[in-house]
Amino acid sequence: KAMGYSTSGTVLTSLDKRGQFQPGDSVACAGQGYASHAELVAVPENLVVKIPNNVSFEDAAFTTLGAISLQGVRQAEPHLGEKVCVIGLGLLGQITVQLLKANGCDVFGIDLSDRLIDLAKEISSIRSVHRNDSNLVGACENFTNGHGFDSIIITAAAPTNDPIVLSTEICRRKGKIVVVGAVKMDVPRDPHFYRKELELR
């Protein structure tokens, strides 16, 4: 199976019905099984976008990751001034944090890596805490003035449902939990999910 799902390059030939893409066009492509890390790929036209002249192929290759992050943010439907938590500060998490900050949100990050926590603090100036910090829940309560987060976006990859369980604990009543990352989808009904009337997207 070919590796990768995000690439960029030059159109050699195009069969798109609208004539949008021409040979020689610089494009970014997305899609597992299509936009592989290969010399030549065949990608459906709805998974291709032209690259602006001021964007390099290297930068454009991250278009898919940006789109994934943006979809998570859209699902959270954040509003100016809302408190949003991002669990998982890897590449998707870092992009998600920056999108939320650009949207005027107060962002809090959680991860298992001190390096990624420090990176989030450095490039995005957010409050971020280690998942295993004994004062994690207290730090979340302090950040949200005791109300809980308006929404939580999970960009972590985890073999357990721990990010979901944690989210139900630190989310406000009727808040949203958005799962972008690959985590075990085992949602405990009690004590928080049902009683707080949380929404999982």
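I began with the crossover: strand 7, helix 6 and strand 8 form a right-handed β-α-β unit. Right-handed means that, with the strands pointing away from the viewer, the path from the first strand over the helix to the second runs clockwise. Helices (H or I, at least four residues) and strands (E, at least two) are DSSP runs, numbered from the N terminus.

I noted the ground rules. The model is predicted, local features need pLDDT of at least 70, side-chain atom pairs count only at pLDDT 80 or more, and totals for chains, interfaces and linings use all residues. Residues are numbered from 1 along each chain as its sequence is written, and side-chain values use heavy atoms, with hydrogens and water left out.

**Entry 1**

Two strands pair if DSSP finds at least two bridges between them.

Then I went through the pairs. Strand 4 (residues 83–87) pairs with strand 7 in the parallel sense over four bridges. C85 has I152 in strand 7 as its bridge partner. Strand 7 and strand 8 (residues 171–179) are parallel too, over five bridges. Here I154 is bridged to V179 in strand 8. Strand 8 and strand 9 (residues 199–200) pair in the parallel sense over two bridges. I177 has L200 in strand 9 as its bridge partner.

I kept one general point in mind: in a regular strand the side chains alternate between the two faces of the sheet.

Next came the helices. Touching is contact, meaning heavy atoms within 4.5 Å.

Strand 1 and strand 2 (residues 26–30) pair in the antiparallel sense over five bridges. S6 has A30 in strand 2 as its bridge partner.

**Entry 1: the pockets**

How big is the largest pocket? I read a volume of about 570 Å³. On a 1 Å grid over the protein atoms alone, a pocket is an open set of points where a 1.4 Å probe fits, with protein on both sides within 12 Å along at least five of seven lines; lining residues have an atom within 4 Å of a point. Grid points are joined across faces, edges and corners, and the volume is the space filled by probe spheres set on the points.

The largest pocket is lined by 23 residues, with V11, T13, V41, A42 and V43 nearest its centre. Strand 1 gives the most to this lining, with four residues. By class, the lining has twelve nonpolar, seven polar and four charged residues. Ala, Val, Leu, Ile, Met, Phe, Trp, Tyr, Cys and Pro count as nonpolar, Asp, Glu, Lys and Arg as charged, and the others, Gly among them, as polar.

The second largest pocket has a volume of about 280 Å³. Of its 19 lining residues, I87, L112, A156, A157 and P163 are closest to its centre. Helix 3 (91–102), strand 5 (106–111) and helix 6 (162–170) each supply at least two lining residues. Its lining divides into eleven nonpolar, five polar and three charged residues.

**Entry 2: single residues**

Where is A158? I found A158 in the loop between strand 7 (149–154) and helix 6. Not counting residues up to four places away in sequence, A158 touches P163, A182, V183 and K184.

E77 is not a glycine, yet it has a positive phi of about 50°. E77 sits in the loop between helix 2 and strand 4.

Last, I checked a peptide bond. D190 and P191 are joined by a cis peptide bond, with omega about 5°. P191 is in helix 7 (residues 189–193).
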